[in-house]
Protein chains: 2
Amino acid sequence: MANIGIVGLGLIGASLAGDLRQLGHQVYGVSRQQTTCDLAVERNLVDRASTDISTLAPCQIIIICTPIDKIVPTIALLAPHLSPETIVTDAGSVKESIVAPATKIWPNFVGGHPMAGKAESGIVAAELGMFRDKPYVVTPIAETNPIAVDKIKSLVESLDCRLFEASPIDHDRAVAWISHLPVMISSSLIHGCLENCPPDLLSLAKGLASSGFKDTSRVGGGNPELGIMMAEYNRTALLDALRAYQQDLAQTIESIDTNHWPKLLAKLARSQAARPEFLE
Amino acid sequence: MANIGIVGLGLIGASLAGDLRQLGHQVYGVSRQQTTCDLAVERNLVDRASTDISTLAPCQIIIICTPIDKIVPTIALLAPHLSPETIVTDAGSVKESIVAPATKIWPNFVGGHPMAGKAESGIVAAELGMFRDKPYVVTPIAETNPIAVDKIKSLVESLDCRLFEASPIDHDRAVAWISHLPVMISSSLIHGCLENCPPDLLSLAKGLASSGFKDTSRVGGGNPELGIMMAEYNRTALLDALRAYQQDLAQTIESIDTNHWPKLLAKLARSQAARPEFLE
């Protein structure tokens, strides 16, 4: 058992804290808000919590669960307080823009991405077992200390996550396709309809929309700040995916425009056949 | 109460038949398959059923629930057997390509589109009350007999549907945006990922895909033959929607490419704010 520090007690941080505490670790929480610290202790998600990051000095492992743009600055703030053996990891949903600079600041850094979540956010939404059977990607680079990687992998496995190892760039490309691209194409479904339908048609469209529209528009109707963060911090991979997607959609348009039904049928059949492979 | 004929005892036809029978109408079913006729009677969805379309001669109202491409030919086959007062309607999911030719064959024709469904198909999936609180669009044109329109509207209201009236072209444009476009953009999400990810990245993407990908890809993983039918019979409206959609997505790409975050934020915020209006 170890002393484990969690910086950022939102949905992800507080849920991880609770699971790690249940496994028997001593969990040290840090939040900018004293009320969040109090709630974390009250709900038994952490053993102790503080707004002061230096309280994490006794920890062997620290998981940074702040918003993406605060991860590297937090590591810089934390570094002077830690012993050199301390392993620092993060829970950011992009990796390329984090892992190299974080490793420069802290050689015992290992990039990570626990992939679970829900519509609600904040400590009040925290849930034990939320990461069980969910993907958890560990993203070492050439400079990463292999002992630190093994320790983080063991921790991930103890949470019963599905462990993946990938380079930061492969991680970012994969999540661009399966997580960030869907947000953008889904948002354009709603926005394109609003922009292009005259008022009468729009109110008819709204009246007729049912489960197909509901599902396809769900992630495009999510938190706009999260969407911006994805786009900003995973810009290159997302742009590549968006452009490749537009080419693919242009082929659909061409098939319909030229009445090339066998070609469109083959594409729809391939989509139908492949979809279950993404859901296993 | 009336004698009501249903041609085509698939999911839609058999479900409508069952509901109309419960309301006290005499329901006459017609299917090409004797086994389907037998099942319809056995399950009490119809009062009688036959493979012979001329058995619908005593009906005052007939609803054509065949696949889209069979609707107009079925009306042509049916016409010689009917008395001129008989009102014929259909349940096709496109209207522009059906209503004018159907009205030419049968002046007492009224276009209709009951909008409910589920993943399963065929009479075995039929369900009582499936159309309750669901949209049902009636699509008269200048030539349509207003008395026939009123009769069909009353029938729709007796099923507790949400009644909409629209021109065939407005219907087709609205469903292009909220039903047919989502199929194409969703299919390209799956297909684009398959085509553009090298094998290692693709298997990582498949492993990491979760609820966001699942929802956004759902309708693109549906029945390919249905997708083709939508594209073929709602070609113009779908092409217009697809092209407008591509323009909208091109703006997203441009915002990301030029780091124009306030513009992208405004778009995502507008999508988030507007989505509930489609789900009421």
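Here is a friendly conversation about how some labels for this predicted model are reached.

Reader: Let's start with one residue. Why is B:Trp261 called partly exposed?

Author: B:Trp261 has 14 C-beta neighbours inside 10 Å. A residue needs 20 or more to be buried and 12 or fewer to be exposed. The count of 14 lies in between, so B:Trp261 is partly exposed.

Reader: Where is B:Trp261 found, and which residues is it in contact with, leaving aside its neighbours within four places in sequence?

Author: B:Trp261 belongs to helix H11 of chain B, which covers residues 261-279. With those sequence neighbours left aside, its contacts are A:Ile228 and A:Glu232.

Reader: What makes up the contact of chain B with chain A?

Author: Each chain has a share in it: 80 residues come from chain B and 80 residues from chain A. On the side of chain B that touches chain A, at least two residues each come from E7, H6, H7, H8, H9, H10 and H11 of chain B. H6(B) gives the largest share, 22 residues. By class, that side of chain B has 44 nonpolar, 20 polar and 16 charged residues.

Reader: What makes E6(B) and E8(B) paired partners of E7(B)?

Author: Pairing takes at least two bridges. E6(B), residues 109-114, is joined to E7(B) by 4 bridges, and the two run antiparallel. Here B:His113 stands opposite B:Val137. E8(B), residues 162-165, is also joined to E7(B) by 4 bridges, but this pair runs parallel. B:Pro135 has B:Arg162 in E8(B) as its bridge partner. Both counts reach the cut-off, so both are pairs.

Reader: Which helix goes with E7(B) and E8(B) in a β-α-β unit?

Author: That is helix H5 of chain B, residues 146-158, and the unit is right-handed.

Reader: Which residues meet between H3(A) and H4(A)?

Author: From H3(A) come A:Ile71, A:Val72, A:Ile75 and A:Ala76, which meet A:Ile98, A:Pro101, A:Ala102 and A:Ile105 of H4(A). By class, the residues of this contact are 8 nonpolar, no polar and no charged.

Reader: What makes E3 and E6 of chain A the edge strands of their sheet?

Author: The open sheet has 6 strands in the order E3-E2-E1-E4-E5-E6, with parallel pairing. E3 (48-50) and E6 (109-110) of chain A each pair on one side only, and that makes them the edge strands. Elsewhere in the sheet, E4(A) and E5(A) run parallel and are joined by 4 bridges.

Definitions and conventions. Residues are numbered from 1 along each chain as its sequence is written. Chains are lettered from A and ligands numbered from 1 in the order in which they are written. This is a predicted model: local features need pLDDT of at least 70, side-chain atom pairs count only at pLDDT 80 or more; totals for chains, interfaces and linings use all residues. Two residues are in contact if their C-beta atoms, placed from the backbone, lie within 7 Å. A crossover is right-handed if, with the strands pointing away from the viewer, the path from the first strand over the helix to the second runs clockwise. Ala, Val, Leu, Ile, Met, Phe, Trp, Tyr, Cys and Pro count as nonpolar, Asp, Glu, Lys and Arg as charged, and the others, Gly among them, as polar.
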